[in-house]
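Subject: Structure handover

Hello,

Please find the structure below, with the sequence. My notes on it follow.

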Amino acid sequence: MKKRIISRAGSEAQYGPRIAGEILHDYLENSNEPLAVAYRERHEESEGETDQLFKTVFPNTEVAVNLKLLTRKPGRMPVGDSINCMLTRDGDYHYTAVENAIERKVAAARNPHIYRGEFINVVKRGDKMLVPTFCCPRYTKSFTFSDFCRKAAEELLMVAGLVENT
């Protein structure tokens, strides 16, 4: 026999167990307490900002989960290292991360830079010929075209000395 409580108003379901986040959300959205009012005002201000931190990123922390890493190298990963992987949720508290098996070939640079300087760069062509290229300068009243030519000439002489010694 169900015990009838007359002092409660509304349906019986509203007095059942609820998630703490649901209770907090309900409090912050509907309460007239100073904390809830301040939260709503602050939340409205932050929605108007253009450089909001988590505008398109939705952080989520999973507590007490079991993570299985399937990597291409044996042993544990070093601290701070990352892998390119596919993460799969296998169950309520179990995830599996499988490292991508396809190794990407790093394409050799077509014309690699041998020297990157402030005023010139030296590029090695396919026929192994070294070619100097000039960087685009920013001219000011104190740095003119003639200043650029002098500095580039000094850098060319320095690079020529380096190339001759090798």
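A residue is called buried under 20% relative accessible area, exposed over 50% and partly exposed in between, with a 1.4 Å probe and protein chains only. By that rule Glu 99 is buried, with a relative accessible area of 17%.

This is a predicted model, so local features need pLDDT of at least 70 and side-chain atom pairs count only at pLDDT 80 or more, whereas totals for chains, interfaces and linings use all residues. Residues are numbered from 1 along each chain as its sequence is written, and side-chain values use heavy atoms, with hydrogens and water left out.

Overall

The protein chain has three helices and six strands, in the order α-α-β-β-β-β-β-β-α along the sequence. Helices (H or I, at least four residues) and strands (E, at least two) are DSSP runs, numbered from the N terminus. Of the 166 residues in the protein chain, 11% are buried. Contacts (heavy atoms within 4.5 Å) with a separation of 6 or more were also sorted by separation: 31% of them join residues 24 or more positions apart. The protein chain exposes about 15,100 Å², and 56% of that comes from carbon and sulfur atoms; accessible areas come from the Shrake-Rupley method with a 1.4 Å probe, and for residues only the protein chains shown count as cover.

Glu 99 lies in strand β3 (residues 94-99). Its side chain reaches the backbone nitrogen of Arg 72 at 2.9 Å. This is a polar contact, meaning a pair of N or O atoms within 3.5 Å; within protein, one must be able to donate a hydrogen and the other to accept it, and residues adjacent in sequence count only if both atoms are side-chain atoms. Leaving aside neighbours within four places in sequence, Glu 99 is in contact with Leu 70, Thr 71, Arg 72, Ile 83, Asn 84 and Cys 85.

The structure holds two salt bridges, each defined as a side-chain nitrogen of Lys or Arg within 4 Å of a carboxyl oxygen of Asp or Glu. Arg 72 forms one with Glu 99, the closest N and O atoms being 3.5 Å apart. Arg 72 is in the loop between β1 and β2 and Glu 99 is in strand β3, so the pair ties together parts 27 residues apart in sequence. Arg 72 is partly exposed, at 44% relative accessibility.

Asp 147 and Arg 150 form a salt bridge as well, with the closest N and O atoms 3.1 Å apart. Both residues lie in helix α3, three residues apart, about one turn of the helix. Asp 147 counts as partly exposed, at 22% relative accessibility.

Asn 121

Asn 121 sits in strand β5 (residues 120-124) and is buried at 14% relative accessibility. A polar atom of the Asn 121 side chain lies 3.2 Å from the backbone nitrogen of Gly 117. Not counting residues up to four places away in sequence, Asn 121 touches His 113, Tyr 115, Arg 116, Val 131, Pro 132, Thr 133 and Cys 135.

Aromatic pairs

There are four aromatic pairs in the structure. Rings of Phe, Tyr and Trp (its six-membered ring) pair if their centres lie within 6.5 Å; planes under 30 degrees apart count as stacked, over 60 as edge-to-face and the rest as tilted. Phe 119 and Phe 148 make an edge-to-face pair, 5.9 Å centre to centre with 65° between the planes. That pair links distant parts of the chain, 29 residues apart: Phe 119 is in the loop between β4 (113-116) and β5, and Phe 148 is in helix α3 (residues 145-165). Phe 119 is buried at 11% relative accessibility, and Phe 148 is buried at 7%. Tyr 139 and Phe 145 are also edge-to-face, at 6.4 Å centre to centre and 65° between the planes. Here Tyr 139 is partly exposed at 44%, and Phe 145 is exposed at 53%. Ring pairs link Phe 119, Phe 134, Phe 143 and Phe 148 into a cluster.

Backbone

Two residues have a positive phi without being glycine. Ala 64 has a phi of about 55°; Ala 64 lies in the loop between α2 (34-48) and β1 (66-70) and is exposed, with a relative accessible area of 67%. Lys 128 has a phi of about 65°; Lys 128 lies in the loop between β5 and β6 (130-134) and is exposed, with a relative accessible area of 62%.

Regards
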